[in-house]
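The structure is shown first, and the comments follow.

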Amino acid sequence: MGKKVYPNDSCPCGSGKKYKNCCKGKLDDVNFNNPLKLMENYKKIRKDSKIKQCLHPDKENCSEKIIGAHSIQNNKILKTISSNGMVFMPCPKPDKPFAPMTSYGRKEATVFTGFCGYHDKTLFQPIEDRDFQKTEEQIFLFTYRSFALEYHKKQELQKMEQIIFSNKPSLVNMSDEEDPFSGNKLAIKDFAEDKKIFDKAILESDYSVLTSIIWEFDKAVKFACTGFEALQYDLKNIKVQDLLDFSKRAQHVYVCVFPEKEKTYCIFSWFKKNDKMFSTYFEQLNSLEEQQKRNFINNLLPMISENLVVNPEAWDKLTQSQKDEFGSYIWGMETIAQTMGVKVDRTKAPSYDLFEL
Ligand SMILES: [Zn+2]
Ligand SMILES: [Zn+2]
């Protein structure tokens, strides 16, 4: 739980009651601690930690129904990437928690319950119904949708933690180092700050809050991705921000890559207020050669996102060792390398090339 919980603190189970009137002194659920029930418990927790909400700031006009909103457009993007209505994603389903790639139907792929039907339809219309023309509003909407998914997922992870705590109140004694959720707590605070800026921009229809770089490739790729990164190092391995300085909120770079018609677009964006922090990075990204850009995306995507869809046949063209290298980035290889003092050069080609699938 990280910090000590005091009797008058709100209970870590998320009930809204004071700790002394809720889980204090409660015993752990015996079933929950039974290793034989691990899978069963895991599936139930995953299910129970789903949140249905509308993140749109204009709450008055929310329609009643929270829908499954696609974080990557279904009709435009998923349709072109799928085969027989299916795509692959590096997000395991609860019954196979360790699968590197999982098959998803288009209807369920990249879906999250973060918007009501009305707001999902009206807000995202400019990127849903129109071609990408790099307008300020379209760039904002792609970026905002990446943000919304990440924020929503972090909130669900928080709910998962609360459910685990309510089943196992003895966790109150856990230290920060032992707490697998301590990073998520900070991340939620960071994203809550981003949300304020996005909300204001949406309410005022002022989409000028972002600085962005758009790369355009003359080829429609068979994958798409949204994600973000709390960028620590620029391309020359100079520190951009210190994520261990908890007095400052982490600042994010949002990323979207998607094919449209005969092209592929990659959008990097961050808040204008961070232009100074990211200015060198901005210049470095802008000065890359075509092949370096591809390499960069190939390296970056598995590092920063699980919200990645790939055409199944395209993925199966990769050899096992290429798949393994891709997987190693998903499982944090770069972070481990950095901890050991080795810097991963993101402009160097990995063994796989997602652009050639
Ligand atoms: Zn409680
Ligand atoms: Zn709404």
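Predicted model: local features only at pLDDT ≥ 70, side-chain atom pairs only at ≥ 80, totals over all residues.

**Note on metal sites, ion pairs and surface**

1. Cys62 is partly exposed, its relative accessible area being 26%.

2. In contrast to the partly exposed Cys62, Cys116 is buried, with a relative accessible area of 0%.

3. The zinc ion (ligand 1) has cysteine donors: Cys11 (SG), Cys13 (SG), Cys22 (SG) and Cys23 (SG) coordinate it at 2.2 to 2.3 Å. The arrangement is tetrahedral because the 4 donor atoms around this ion subtend angles of 105 to 113°. The donor residues of the zinc ion (ligand 1) have the sequence spacing C-x1-C-x8-C-C. Both Cys13 and Cys23 lie in the segment before α1 (30–33), so the pair ties together parts that are 10 residues apart in sequence.

4. Cys13 counts as buried at 15% relative accessibility, Cys22 counts as buried at 12%, and Cys23 is buried with a relative accessible area of 1%.

5. How many disulfides does the model contain? The count comes to 0 disulfides. Cys91 is accordingly in no disulfide, and the nearest cysteine sulfur, that of Cys225, is 10.0 Å away. A disulfide requires the two sulfur atoms to be within 2.5 Å. Cys91 is itself buried, with a relative accessible area of 15%.

6. Salt bridges number 19 in the model. Within helix α2, Asp48 and Lys44 are 4 residues apart, about one turn of the helix. These two residues form a salt bridge in which the closest N and O atoms are 2.6 Å apart. Asp48 counts as partly exposed, at 30% relative accessibility.

7. Which parts of the chain are linked by the salt bridge between Glu156 and Lys50? The side chains of these residues meet at 3.8 Å, N to O. Glu156 lies in helix α6 (residues 136–167) and Lys50 in the loop between α2 and β1; the pair links distant parts of the chain, 106 residues apart. Glu156 is buried, its relative accessible area being 12%.

8. A further salt bridge joins Lys93 and Glu108, with the closest N and O atoms 3.3 Å apart. This pair links distant parts of the chain, 15 residues apart: Lys93 is in the loop between β2 (86–89) and β3 (102–105), and Glu108 is in the loop between β3 and β4. Lys93 counts as partly exposed at 25% relative accessibility, as does Glu108 at 40%. Elsewhere, a network of salt bridges links Lys134, Glu216, Asp218 and Lys263.

9. Two backbone values deserve a reader's attention. Most residues other than glycine have a negative phi. Ser205, although not a glycine, has a positive phi of about 50°. Ser205 is placed in the loop between α7 (182–203) and β5 (210–217) and is partly exposed, with a relative accessible area of 48%. Lys261 likewise has a positive phi of about 50° without being a glycine. Lys261 is found in the loop between β7 (253–260) and β8 (263–271) and counts as exposed at 60% relative accessibility.

10. The last point concerns the surface. Ile336, Met340 and Val342 form a nonpolar patch there, and their accessible area together is about 320 Å². Met340 is located in the segment after α12 (333–339). Is Met340 buried or exposed? Met340 is exposed, with a relative accessible area of 62%.

How values were computed
Residues numbered from 1 in each chain as written. Chains lettered and ligands numbered in written order. Heavy atoms only, no water. Patch = residues over 30% accessible without salt bridge, like charges linked within 9 Å, V, L, I, M, F, W, Y side chains within 5 Å. Areas by Shrake-Rupley, 256 points an atom, 1.4 Å probe, with all protein chains shown as cover. Salt bridge = Lys/Arg side-chain N within 4 Å of Asp/Glu carboxyl O. Helix = DSSP H or I, 4+ residues; strand = E, 2+ residues; numbered from the N terminus. Buried < 20%, exposed > 50% of the residue type's maximum accessible area, 1.4 Å probe, protein only. Donors = N, O, S within 2.8 Å, 3.2 Å for Na, K, Ca; no water. Tetrahedral: all angles 85-135°; square planar, octahedral: opposite > 155°, others 65-115°.
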